[in-house]
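Please look at the sequence and structure first.

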Amino acid sequence: NRLITKNWYRFMNKKLELFHQYFYEYDAFDNIIKISTYSDKSKSFLTISTFIYENKLLIYEQRINMAAPEWNSSKKYYYDKKSNIIKCEIYDDKKNFTTTFKYNFDRKGNYKKIIKKTTCDGVTKKIVLVREIKYYN
């Protein structure tokens, strides 16, 4: 089941109106390769996001913002041998960010903790994501 369009609505002047429309394009493997976003008022493009895959893994993403080019960005993804993302490099007009990921796995091979470190301008922030999985016999 592919999502082809998505509409976002908002309340304006006590009525619900269409705010943005999203259109999705896919490759032969059902990967999203392009998302086009339109503004309903101007009927013009707001953003175009494109995605490139290698061996069914997302390796590159680019976002072009027609209304605000300063929000343009690109991301490059790196994976380990088990297809877990281990690094993401984000580039925009002003700054470059690098995020690394380290995983702790349970006995069944599911991650139970991800340590995410993001570095920008020499400053590193760390986030630890923990999940609990209950297995049934």
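## Overall make-up

Along the sequence, the protein chain reads β-β-β-β-β-β-β-β-β-β. It holds 10 strands and 0 helices. The model is a predicted one.

The radius of gyration of the protein chain is 19 Å, whereas a compact globule of 137 residues would have one near 14 Å. The C-alpha trace spans about 55 × 45 × 35 Å along its principal axes.

## Contacts and surface

Of the contacts between residues at least 6 apart in sequence, 8% join residues at least 24 apart. Buried residues account for 24% of the 137 residues. The protein chain has an accessible surface of about 10,500 Å², and carbon and sulfur atoms contribute 52% of it.

## The S2–S3 hairpin

Strands S2 (residues 15-26) and S3 (residues 32-39) run antiparallel and are joined by 7 bridges. They form a hairpin with 5 residues between them. In the turn, Asp 30 has a positive phi of about 65 degrees. Glu 25 stands opposite Lys 34 in S3.

## Ser 49

Ser 49 is part of strand S4 (residues 45-54). Because its relative accessible area is 10%, which is under 20%, Ser 49 counts as buried. Apart from neighbours within four places in sequence, Ser 49 is in contact with Ile 33, Lys 34, Ile 35, Gln 62 and Arg 63.

## A nonpolar surface patch

Tyr 9 is found in strand S1 (residues 5-12). Its relative accessibility is 48%, so Tyr 9 counts as partly exposed. Together with Phe 11 and Leu 16, Tyr 9 forms a nonpolar patch on the surface, with about 390 Å² of accessible area in total.

Notes:
Residues numbered from 1 in each chain as written. Predicted model: local features only at pLDDT ≥ 70, side-chain atom pairs only at ≥ 80, totals over all residues. Heavy atoms only, no water. Helix = DSSP H or I, 4+ residues; strand = E, 2+ residues; numbered from the N terminus. Buried < 20%, exposed > 50% of the residue type's maximum accessible area, 1.4 Å probe, protein only. Contact = heavy atoms within 4.5 Å. Pairing = 2+ DSSP bridges. Patch = residues over 30% accessible without salt bridge, like charges linked within 9 Å, V, L, I, M, F, W, Y side chains within 5 Å. Areas by Shrake-Rupley, 256 points an atom, 1.4 Å probe, with all protein chains shown as cover. Salt bridge = Lys/Arg side-chain N within 4 Å of Asp/Glu carboxyl O. Rg over C-alpha atoms; globule rule 2.2 N^0.38 Å.
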